[in-house]
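I would like each value set against its cut-off.

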Amino acid sequence: MKKGLLYMLLIVSILSLISCNETPTKDPNLLGRVVDIDGGRILVISKIAREEITSNIKDLLNSGKYTEAYWVIVSSSKKYKIGDQVKVWFSQSEDSYPAQTKADKIEIVPE
């Protein structure tokens with residue numbers, strides 16, 4: 001009886017540890033366009049056309065049209081231009097609008 005309980009406890013513990021490990025996803029967390037560059041971060045908005053990007057970012061965000069927007073910390077923002085379409089992978093994000101995250105991986109999508 002004690003052995004069975006011990007084995008069950010061991011299995012539950014192992015399963016708990018396995019489920020806590022974060023594994024990177026193959027698919028990006030975010031696909032969108034760079035709409036602003038600020039120091040070491042870029043503002044990426046999903047489902048926005050290049051033609052919709054304006055210089056008034058505040059109005060763009062307050063329009064309510066774009067629900068997925070992230071300030072993404074990148075290693076070098078000099079690689080990106082306003083209008084670039086990017087794929088972003090990240091592990092964690094801060095819930096805000098726009099959300100805040102650090103890119104684990106980022107790719108420019110050729111058009």
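The questions below go from the overall make-up to single residues.

Q: What kind of model is this, and how are its residues numbered?
A: The model is predicted, with local features requiring pLDDT of at least 70 and side-chain atom pairs pLDDT 80 or more, while totals for chains, interfaces and linings use all residues. Residues are numbered from 1 along each chain as its sequence is written, and side-chain values use heavy atoms, without hydrogens and water.

Q: How many helices and strands are there in the protein?
A: The protein has two helices and seven strands. Helices are DSSP runs of H or I with at least four residues, strands are runs of E with at least two, and both are numbered from the N terminus. Along the sequence the pattern reads α-β-β-α-β-β-β-β-β.

Q: What makes the seven strands an open sheet, and in which order do they stand?
A: The order is β5-β6-β3-β2-β1-β4-β7, with mixed pairing. β5 (93-94) and β7 (105-108) are at the edges with a single partner strand each, so one side of each has no neighbour in the sheet. Strands of a sheet pair through backbone hydrogen bonds, either parallel or antiparallel.

Q: How do you know that β3 and β6 pair?
A: Two strands pair if DSSP finds at least two bridges between them. Strand β3 (residues 69-73) and strand β6 (residues 99-102) run parallel and are joined by four bridges, so the pair meets the definition. Valine 72 has threonine 101 in β6 as its bridge partner.

Q: What pairs with β1, and in which sense, parallel or antiparallel?
A: β1 pairs with β2 over six bridges in the antiparallel sense. β1 also pairs with β4, again antiparallel, over four bridges. Aspartate 36 has leucine 43 in β2 as its bridge partner, and glycine 32 has valine 86 in β4.

Q: What lies between β1 and β2 in their hairpin?
A: Two residues lie between these strands, and glycine 39 in the turn has a positive phi of about 65 degrees.

Q: Why is arginine 33 called buried?
A: Buried means under 20% relative accessible area, exposed means over 50%, and partly exposed lies in between (1.4 Å probe, protein chains only). Arginine 33 has 11% relative accessibility, so this residue counts as buried. Arginine 33 is in strand β1, and its bridge partner in β4 is glutamine 85.

Q: What makes the pair of arginine 33 and glycine 83 a polar contact?
A: A polar contact is a pair of N or O atoms within 3.5 Å; within protein, one must be able to donate a hydrogen and the other to accept it, and residues adjacent in sequence count only if both atoms are side-chain atoms. A polar atom of the arginine 33 side chain lies 2.7 Å from the backbone oxygen of glycine 83.

Q: Why is aspartate 84 called buried, and where is this residue found?
A: Aspartate 84 has 9% relative accessibility and therefore counts as buried. Aspartate 84 is in the loop between β3 and β4 (85-89). A polar atom of its side chain lies 2.8 Å from the backbone nitrogen of lysine 81.

Q: Which residues does aspartate 84 touch?
A: Contact means heavy atoms within 4.5 Å. Not counting residues up to four places away in sequence, aspartate 84 touches Gly32, Arg33, Val34, Arg50, Lys79 and Ile108.

Q: What makes a nonpolar core, and how many residues has the largest?
A: A nonpolar core is a set of buried Ala, Val, Leu, Ile, Met, Phe, Trp, Tyr and Cys residues joined through side-chain atoms within 4.5 Å. The largest has 13 residues, and Ile42, Val72 and Val88 have the most contacts inside it. β1 (30-38), β2 (41-46), β3 and β4 each give two or more residues to this core. A second, separate core of eleven residues includes Ile45, Ile48, Ile53 and Leu60.

Q: Why is leucine 60 called buried?
A: Leucine 60 has 7% relative accessibility, so this residue counts as buried. Leucine 60 is in helix α2 (residues 57-62). Its contacts, leaving aside neighbours within four places in sequence, are Val35, Ile45, Ile48, Glu52, Thr54 and Tyr66.
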